[in-house]
Amino acid sequence: MEGFINFLKPPGMTSHDAVGLVRRVLHEKHVGHAGTLDPGAAGVLPIAVGKAARLIEYLDNVSKSYRAEMLLGVE
């Protein structure tokens, strides 16, 4: 299997944990992620599998955007 997966990372999981999960499920050793999400954040983590993992280095210079929601004033 080769290509990119849009992995919806839940809160509590690190980006490294997500890569490990994809490795185990797909039985593939060449897996990497394009970007890092905070362990407390949920969001889409692009994961490359197989030969596509070599393309990650070219995504470093691509602009990324993030959206956050906050609730202030609550104890």
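## Contacts and model basis

Of the contacts (heavy atoms within 4.5 Å) in the protein chain between residues at least 6 apart in sequence, 56% link residues at least 24 apart.

The model is predicted, with local features requiring pLDDT of at least 70 and side-chain atom pairs counted only at pLDDT 80 or more, while totals for chains, interfaces and linings use all residues. Residues are numbered from 1 along each chain as its sequence is written, and side-chain values use heavy atoms, leaving out hydrogens and water.

## Fold and extent

The protein chain holds one helix and three strands, which follow the order β-α-β-β from the N terminus. These elements are DSSP runs numbered from the N terminus: helices are H or I of at least four residues, and strands are E of at least two.

The C-alpha trace spans about 50 × 30 × 15 Å along its principal axes.

Buried residues (under 20% relative accessible area, 1.4 Å probe, protein chains only) account for 28% of the 75 residues in the chain.

The largest nonpolar core has 10 residues: Phe-7, Met-13, Ala-18, Val-19, Val-22, Val-31, Leu-37, Leu-45, Ile-47 and Val-49. Such a core is a set of buried Ala, Val, Leu, Ile, Met, Phe, Trp, Tyr and Cys residues joined through side-chain atoms within 4.5 Å. Two or more residues of this core come from each of α1 (15-26) and β3 (43-49). Leaving aside residues up to four places away in sequence, Leu-37 touches Lys-9, Ser-15, Gly-43, Val-44, Leu-45 and Tyr-66.

## Surface

How values were computed: Buried < 20%, exposed > 50% of the residue type's maximum accessible area, 1.4 Å probe, protein only.
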